[in-house]
Amino acid sequence: MIDQAGTYSFAGRRVTRLGYGAMQLAGPGVFGPPRDRDAALAVLRAAVAAGVTHIDTSDFYGPHVTNRLIREALSPYPDDLLIVTKIGARRGDDAAWLPAFAPDELARAVEDNLTNLGLDTLDVVNLRLMFDVHGPAEGSLAAPLRTLADLQRQGLVRHIGLSNVTPTQYEEARGIAPIVCVQNQYNLAHRADDSFIDALAAEGVAYVPFFPLGGFSPLQSDELSDVAAELGATPMQVALAWLLRRSPNILLIPGTASLAHLHENLAAVSLTLTEAAMTRLDAIDGAPHI
């Protein structure tokens, strides 16, 4: 079934365009252990069994929680599985999200990801910028990216991506190291990156939207619900199907700690959106009721 979403060339692999994001496997607020450890392990195994070949994670989820779950559930890893992680932040004792850009912090983050995932080399590491934790904000990424590029030269990282970045920062990054993906917030109701996505598509660079279903505040729209009802689908399935139609370089990583929700997300690849439905969904952007 998942093959209906198609594949995309990413970090030297062909990956399924519908992947899985592990963030929700940690406890409330992405902090501490999962509410149900066995369920978390079952979701990971079910995702891979269904054909998912792209898993997104970070060692600051928990911290350390999701990576250890991934290792327990899936190691030894299938040859076709691409695990993407990120560095650039750390968690405070109060669960705060804090910048971690110093060279020693970045090196330690790579080592922690390697250790907790049980890997010798990380396939893809996204540098997560923290000039503003709530969204992209301008500022030079040269210093932390050069540190990450040095870790790449040491053989600890194969490919580098960026997260929470502006087009200006992406252009700066390209002058320092090859960039294989951008991971920013984007969904039906949050489309600030429309032109950025198109530019990346022209370059063959993957765009991985986080919060594809709205994140901690799920998407809500009468129009979305109406389209879903007419198609016999859930609103979240329609939102995922819209993203898959939006651009071929978009790779989805919806997260969940529920087997039922996982299967609901995976079923979105079978949904066909008519041009009329796409027009109605496109008009949601910026609507005050989202």
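Leaving out residues up to four places away in sequence, methionine 278 touches Trp242, Arg245 and Leu273 in this structure, which is a predicted model. Methionine 278 lies in helix 10, and with a relative accessible area of 9% it is buried, because buried means under 20%. Along the chain, methionine 278 and alanine 241 are 37 residues apart, while their C-alpha atoms are separated by 9.8 Å.

The helix around this residue has two sides. Helix 10 covers residues 275-282, and its buried residues are Ala277, Met278 and Leu281.

In helix 6, which runs over residues 194-203, the buried residues are Phe196, Ile197 and Leu200. Seen down the axis of helix 6, these residues fall within an arc of 100 degrees, so they line one face of the helix. The exposed residues Ser195 and Ala202 are carried by the face that is turned away from the buried side of helix 6. The buried residues of helix 6 pack against helix 5 (167-174), strand 10, strand 11 (206-207) and helix 8. Just after helix 6 comes glycine 204, which takes a positive phi of about 75 degrees.

Strand 10, one of the elements that pack against the buried residues of helix 6, covers residues 179-183 and contains valine 180. Is valine 180 buried or exposed? Its relative accessibility is 18%, and it therefore counts as buried, since the limit is under 20%. If neighbours within four places in sequence are left aside, valine 180 is in contact with Phe10, Val124, His159, Ile160, Val205 and Ala206. Valine 180 and arginine 191, on the other hand, are eleven residues apart in sequence and 21 Å apart in space, from C-alpha to C-alpha.

The backbone also deserves a careful look. Most residues other than glycine have a negative phi, and most peptide bonds are trans. The table lists residues of this model with backbone angles that depart from that rule.

| Residue or bond | Backbone feature | Angle |
|---|---|---|
| Glycine 62 to proline 63 | cis peptide bond | omega near -10 degrees |
| Serine 75 to proline 76 | cis peptide bond | omega about 0 degrees |
| Asparagine 164 | positive phi | near 65 degrees |

Proline 63 is found in the loop between strand 4 (54-56) and helix 2 (65-74), and proline 76 is in the loop between helix 2 and strand 5 (82-87). Asparagine 164 lies in the loop between strand 9 (157-163) and helix 5, and with a relative accessibility of 3% it counts as buried. Phenylalanine 211 is found in the loop between strand 11 and helix 7, where its relative accessible area of 23% makes it partly exposed.

The whole chain can now be considered. There are ten helices and eleven strands in the protein, and of its 290 residues 54% count as buried. What radius of gyration would a compact globule with 290 residues have? The value would be near 19 Å, and the protein, with 18 Å, agrees with it. Taken along the principal axes, the C-alpha atoms fill a box of roughly 55 × 45 × 40 Å.

Among the contacts with a separation of 6 or more, 74% are accounted for by residues 24 or more positions apart. The protein exposes about 12,000 Å², and carbon and sulfur atoms supply 52% of this area. As for charge, there are 21 positive and 33 negative side chains, and the centres of the two sets lie 4 Å apart.

Notes. Residues numbered from 1 in each chain as written. Predicted model: local features only at pLDDT ≥ 70, side-chain atom pairs only at ≥ 80, totals over all residues. Heavy atoms only, no water. Helix = DSSP H or I, 4+ residues; strand = E, 2+ residues; numbered from the N terminus. Rg over C-alpha atoms; globule rule 2.2 N^0.38 Å. Buried < 20%, exposed > 50% of the residue type's maximum accessible area, 1.4 Å probe, protein only. Contact = heavy atoms within 4.5 Å. Areas by Shrake-Rupley, 256 points an atom, 1.4 Å probe, with all protein chains shown as cover. Lys, Arg positive; Asp, Glu negative; His and termini not counted. Charge placed at Lys NZ, Arg CZ, Asp CG, Glu CD. Arc of directions from axis to C-beta.
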